[in-house]
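Please read them with the structure open.

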Amino acid sequence: MNSILLYALAGVGLFTLGLYALIVHAHLLRKILAINVMGSGVFLVLVSLGGRTPGASPDPVPHAMVITGIVVAVSATALALALMLRVQAKTGQTLLPEERLE
Amino acid sequence: METSGVSNPVTAVLLNFRGYDTLLEMAVLLVALLGVWSLGSAAVYRRSNPEPVLLSLVGVLVPMLLLMAGYLLWVGADAPGGAFQAGSVLAAAGILMLLACKRPPVQLLGWSLRLVLVLGLGAFIAVGVSLLSASGMFLQYPPGLAGALILFIEAAATLSIGVTLAALFLGGRLDPDA
């Protein structure tokens with residue numbers, strides 16, 4: 001097993017960890033963090049697969065896509081956090097409607 | 001690769017071969033900021049009393065961060081670096097200054113802020129449209145001018161990315177009466 005495969009598997013592991021946290025946690029901040037961890041896993045897979053040819057210089061296209069993805073993830077996270085603050089201001093809770101205790 | 005105007009392959013992909021991706025990404029940043037602003041004013045951003053440690057740290061870090069952003073922007077042509085890296089360093093400087101403010105900097109509001117926010121996307125589209133009218137191809141740089149055009153777009157994009165990210169950090173519109 002070479003190091004590229006190890007990075008890619010670590011990315012898959014991060015994605016799975018994030019997916020698990022997204023499902024089991026009700027708090028919206030934890031859900032946003034979980035989605036970010038999932039995104040980091042995807043970026044790790046993409047970057048590591050860009051260098052899977054041994055000896056050759058890494059493929060720049062996945063790297064450029066990851067830079068684009070990071071910026072989009074940051075702006076989406078900022079929007080999600082602002083929405084979460086709005087939900088909290090309206091309802092006093094940071095939970096989705098299905099999770100709320102009546 | 002030789003005709004792309006830059007020798008860093010990642011910058012060449014971002015700004016030349018897949019320029020559309022980057023163009024639309026600038027639009028995504030603006031739309032996210034519009035979404036945050038449409039949710040209301042930055043009410044959570046309360047008046048604070050910055051600690052002297054923070055103030056002296058800001059005095060040391062902000063000039064260094066500005067220098068680093070300029071370096072990253074320039075070096076992006078032939079080494080790892082570029083508009084997004086420089087823009088996020090610029091945003092870090094902006095956030096540090098916002099944290100050191102006693103009250104929201106309402107004097108920054110108005111058209112100058114909005115102009116800087118759309119500068120990156122505007123410069124990108126302006127270059128694309130002028131190339132479209134000159135050569136009939138959108139964002140198809142002539143080989144001699146490619147390096148200069150990419151640097152121009154990147155400089156505008158760096159400013160816009162930095163200011164947009166710092167504005168996103170505030171979490172809402174800055175209203176004069178806030």
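1. Polar contacts between the chains. In this predicted model, the interface of chain B and chain A holds one residue pair in polar contact, with both residues at pLDDT 80 or more. Salt bridges across this interface number zero by the rule applied.

2. Which elements of chain B face chain A? Helix 1, helix 2, helix 4 and helix 6 of chain B each give two or more residues to the side that touches chain A. The most come from helix 2 of chain B, which gives seven residues. Sorted by class, this side of chain B has 13 nonpolar, three polar and three charged residues.

3. Extent of the interface. In contact are 19 residues of chain B and 16 residues of chain A. The two chains bury about 1,500 Å² between them, and carbon and sulfur atoms give 84% of that area. On the side of chain B, the residues that lose the most area to chain A are B:V10, B:E25 and B:L39, which together make up 32% of what that side buries.

4. The largest nonpolar core. This core has 38 residues, and those touching the most other members are B:L14, B:F84, B:F124, B:Y141 and B:I161. Both chains take part: at least two residues each come from helix 3 (60-91) of chain A and from helix 1 (9-17), helix 2 (19-38), helix 4 (83-99), helix 5 (111-135) and helix 6 (146-170) of chain B. Helix 6 of chain B, with nine residues, gives the most to this core. As background, nonpolar side chains in soluble globular proteins tend to be buried together.

5. Surroundings of B:Y141. What does B:Y141 touch, leaving aside residues up to four places away in sequence? Its contacts are B:L15, B:N16, B:F124, B:V127, B:L131, B:A146, B:L149, B:I150 and B:I153. One of these, B:F124, is also listed with B:Y141 among the core residues that touch the most other members.

6. B:I95. This residue lies in helix 4 of chain B. Why is B:I95 classed as partly exposed? Its relative accessibility is 22%, and buried would require under 20%. Beyond four places in sequence, B:I95 touches B:A166 and B:F169. The C-alpha atom of B:I95 is also 9.5 Å from that of B:G162, a residue 67 residues apart from B:I95 along the chain.

Conventions:
Residues numbered from 1 in each chain as written. Chains lettered and ligands numbered in written order. Predicted model: local features only at pLDDT ≥ 70, side-chain atom pairs only at ≥ 80, totals over all residues. Heavy atoms only, no water. Core = buried A, V, L, I, M, F, W, Y, C linked by side-chain atoms within 4.5 Å. Buried < 20%, exposed > 50% of the residue type's maximum accessible area, 1.4 Å probe, protein only. Helix = DSSP H or I, 4+ residues; strand = E, 2+ residues; numbered from the N terminus. Contact = heavy atoms within 4.5 Å. Buried area = accessible area lost by both parts, 1.4 Å probe. Salt bridge = Lys/Arg side-chain N within 4 Å of Asp/Glu carboxyl O. Polar contact = N/O pair within 3.5 Å; in protein donor to acceptor, adjacent residues only side chain to side chain. Nonpolar A, V, L, I, M, F, W, Y, C, P; charged D, E, K, R; others polar.
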